[in-house]
Amino acid sequence: MKIIDSIQNKLIVKMGFKYYDEDKYLIQKCIKCSNKNNPSVLDVGCGTGHHSLLFEKYGAKVTAFDYDESAIDKAKENRMKHNSKVTFLVADGRYPEKYFTEKYDIIFMAGFSIFGIDLNKPIMTKYLSMLNEGGILVLVHNSNLTGLVRKTNWKNHTIEELRSFFESVGSNIEKIYFYDRHITIKILRRFAITGPSTKMHILISKITKLPCAIVFIVSKSKNGK
Ligand SMILES: C[S@@+](CC[C@H](N)C(=O)[O-])C[C@H]1O[C@@H](n2cnc3c(N)ncnc32)[C@H](O)[C@@H]1O
């Protein structure tokens, strides 16, 4: 996986991977769901820091990490450009307990390769235990919902699979969205992270098999499991 990640990151750094405006609505939605105006955020597998900087822009205090040093170097360059205060670190996301002692209001994982195929319960349980009371964990995973594994070693997780995974680690599912990060009609972008748009994207993806991003927003269950 490390090789694939590093190729991906090199391509992003070289070609300037284009992120789309929908992401800003996703980040705003995450902050709203956290019920805090200035939540503390841990961006797990942050790559070059696109989401970290957006979280900061909308009021969050952000710590972000990746195990790929070149991605973190680029993230730090981006931090300079944006006059940002995000803390970027090199760390291995399999062992968060080695690097982090704080708890967070939002733990955010977009395209985190550790869960690319293997929805690993012990690792997810560690992250859930790092949430503040009332905090949320957000998993964003690219999928066409078929349940099949791609040649790039990435599984098209189904919604049902993710739902039962999160239930099995004792979390409450707060919201589920499915959205296209490449909506070219600007006016539709702000509706990307809504129930009706989710239903529409599920239908389109089931017909066309085109991937979108599944977003699971979960919280720790009250009994602290
Ligand atoms: C598909 S990229 C997503 C990057 C970023 N979150 C985004 O959405 O733009 C997956 C990221 O996970 C990172 N990653 C994979 N395994 C990791 C690990 N064990 N510890 C930390 N980061 C990891 C990779 O280096 C890569 O930057």
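This note goes through the fold, the sheet and the aromatic pairs of the predicted model above.

1. Basis. The model is predicted: local features need pLDDT of at least 70 and side-chain atom pairs count only at pLDDT 80 or more, while totals for chains, interfaces and linings use all residues. Residues are numbered from 1 along each chain as its sequence is written, and side-chain values use heavy atoms, with hydrogens and water left out.

2. Composition. The chain has nine helices and seven strands; helices (H or I, at least four residues) and strands (E, at least two) are DSSP runs numbered from the N terminus. Of the 225 residues, 48% are buried, where buried means under 20% relative accessible area, exposed over 50% and partly exposed in between (1.4 Å probe, protein chains only).

3. Contacts. Among contacts with a separation of 6 or more, 71% are between residues 24 or more positions apart. A contact means heavy atoms within 4.5 Å.

4. Seven strands form an open sheet with mixed pairing, in the order 3-2-1-4-5-7-6; two strands pair if DSSP finds at least two bridges between them. Strand 3 (87-90) and strand 6 each have a single partner strand and stand at the edges, so one side of each lacks a neighbour in the sheet. From one strand to the next, the twist averages 15 degrees. Axes are lines fitted to C-alpha atoms, for helices over the stretch in contact, with angles from 0 to 180 degrees between N-to-C directions.

5. Strands 1 and 2. Five bridges join strand 1 (residues 40-44) to strand 2 in the parallel sense. Within strand 2, Thr 63 stands opposite Leu 42.

6. Strand 7. In strand 7 (residues 212-220), eight of the nine residues are buried. Strand 5 (residues 131-143) runs antiparallel to strand 7 and is joined to it by eight bridges; Phe 216 of strand 7 is the bridge partner of Leu 139. Strand 6 (residues 171-179) also pairs with strand 7 in the antiparallel sense, over eight bridges, and here Val 218 of strand 7 is the bridge partner of Ile 173. Helix 9 (residues 195-208) lies across strand 6 and strand 7, at about 65 degrees to strand 6.

7. Aromatic pairs. There are seven aromatic pairs in the structure. Rings of Phe, Tyr and Trp (its six-membered ring) pair if their centres lie within 6.5 Å; planes under 30 degrees apart count as stacked, over 60 as edge-to-face and the rest as tilted. The ring centres of Phe 65 and Phe 100 are 5.2 Å apart with planes at 40 degrees, so this pair is tilted. Phe 65 lies in strand 2 (residues 61-66) and Phe 100 in the loop between helix 5 (96-99) and strand 4 (104-110), so the pair ties together parts 35 residues apart in sequence. Phe 65 is buried at 1% relative accessibility, and Phe 100 is buried at 9%.

8. The rings of Phe 112 and Phe 115 have centres 5.7 Å apart and planes at 75 degrees, so the pair is edge-to-face. Both residues are buried.

9. Charge over a ring. Lys 98 lies over the face of Tyr 95, at 4.7 Å from the ring centre. The criterion is NZ of Lys or CZ of Arg within 6 Å of the ring centre and within 35 degrees of the ring normal.
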